[in-house]
Amino acid sequence: MLEIPQTGNYRYVPLSDAVTTAKDMLNISDTTEHDMFLYNMAHKAVLNMNPLSLLFIDNIDIDVEDGIAQMPNNCITYLAMRYCDKHGNPIGPYMADLNFLSMCNCNLTEIGDYSRLVTYSNDRFVWVRPSDAPARIKVAYMARSLDNQGTNLPMIRDYMEEAVSYYIQHKFVEKFPKKYNALQYEAWKNGWVGSRLAVISGDAQREYINKARSFYNKLHPPLIGF
């Protein structure tokens, strides 16, 4: 039975660790022929659990160049943005993802109307007129954990590794059924079902909402309405 550690009592590991474990169990560790399929299955396994548990709230100061501010590679979506003064301190009203705020029941004021000044798409803030853009902005955003090897593969919590590996293994057997016996397939499939339920029961949704509320402490403490 997979045991889910209490909050904070875990570490992040590369998704590739689960793929390596699965390859060892499938006796295909000496080949890369199936790697694309295996990584696709690994991603599907994560999505079939609770990907929200892999997200976190962060904030960053970004320089604006030629009316464009580019978000970092680990950005899922921005949550709120404010201009910075010449000292780097956030000032004035802010641009925010109102749909997200409504979902989190955030009680907020001083939301600015930037619709005619700046747009957000493809992980970039773009000012209609570059001359209207500030030199720097502060952005709170939803981020995902990535490995530090430059591959942009997501990081997963260590207690998710077993579940991802089970998913890869039984899906591989479904693709190549003649190479494995039925009992092994059933064991891996049941392992996936059980470990998936254990991961989901970690109540990642509650953690997500708590983090969503907490990002305003980083962005603009006086406006918190909790």
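Contact, as the word is used here, means heavy atoms within 4.5 Å. The structure is a predicted model, in which local features need pLDDT of at least 70 and side-chain atom pairs count only at pLDDT 80 or more, while totals for chains, interfaces and linings use all residues. Residues are numbered from 1 along each chain as its sequence is written, and side-chain values use heavy atoms, with hydrogens and water left out.

The protein chain has six helices and nine strands; these are DSSP runs numbered from the N terminus, helices being H or I with at least four residues and strands E with at least two. Of the 226 residues in the protein chain, 42% are buried. Buried means under 20% relative accessible area, exposed means over 50%, and partly exposed lies in between, with a 1.4 Å probe and protein chains only. Among the contacts in the protein chain with a separation of 6 or more, 73% join residues 24 or more positions apart.

The packing of the helices may be followed from α1. Helix α1 (residues 15-25) packs against helix α4 (residues 161-175) at an angle of about 50°, and their axes are 8 Å apart. Such axes are lines fitted to C-alpha atoms, for helices over the stretch in contact, and the angles run from 0 to 180 degrees between N-to-C directions. The two helices α1 and α4 are therefore oblique to each other; angles under 35 degrees count as roughly parallel, over 145 as roughly antiparallel, 65 to 115 as roughly perpendicular, and the rest as oblique. The crossing of α1 and α4 is right-handed, a term that applies if the near helix is turned clockwise from the far one by less than a right angle, anticlockwise being left-handed. On the α1 side the contact is made by Leu15, Asp17, Ala18, Val19, Thr21, Ala22 and Met25, and on the α4 side by Glu161, Val164, Ser165, Ile168 and Gln169. By class, this contact of α1 with α4 has seven nonpolar, three polar and two charged residues. Here Ala, Val, Leu, Ile, Met, Phe, Trp, Tyr, Cys and Pro count as nonpolar, Asp, Glu, Lys and Arg as charged, and the others, Gly among them, as polar.

Helix α1 also packs with α2, at an angle of about 120° and with the axes 10 Å apart. Helices α1 and α2 are therefore oblique to each other, and their crossing is right-handed. Leu15, Ser16, Val19 and Lys23 in α1 meet Asp35, Leu38, Tyr39, Ala42, His43 and Val46 in α2. The classes in this contact of α1 with α2 are six nonpolar, two polar and two charged residues.

Between α1 and α2 runs the loop that holds His34. His34 has a relative accessible area of 12% and is therefore buried. Leaving out residues up to four places away in sequence, His34 touches Ile28, Phe172 and Phe176.

Rings of Phe, Tyr and Trp (its six-membered ring) pair if their centres lie within 6.5 Å; planes under 30 degrees apart count as stacked, over 60 as edge-to-face and the rest as tilted. By this rule the count comes to nine aromatic pairs. In one of them, the ring centres of Phe37 and Phe172 are 6.3 Å apart and the planes are at 55°, so the pair is tilted. Phe37 lies in helix α2 (residues 35-47) and Phe172 in helix α4, so the pair ties together parts that are 135 residues apart in sequence. Phe37 is partly exposed, at a relative accessible area of 21%, whereas Phe172 counts as buried at 1%. The rings of Tyr83 and Trp127 form another tilted pair, because their centres are 6.2 Å apart and their planes are at 50°. Tyr83 in strand β4 (residues 75-84) and Trp127 in strand β7 (residues 124-127) are 44 residues apart, and both are buried. One aromatic cluster is formed by Phe37, Phe172, Phe176, Tyr180 and Trp188.

Val128 lies in the loop between β7 and β8 (136-144). With a relative accessible area of 55%, Val128 is exposed. Val128 touches Arg116, Leu117 and Val118, not counting residues up to four places away in sequence.
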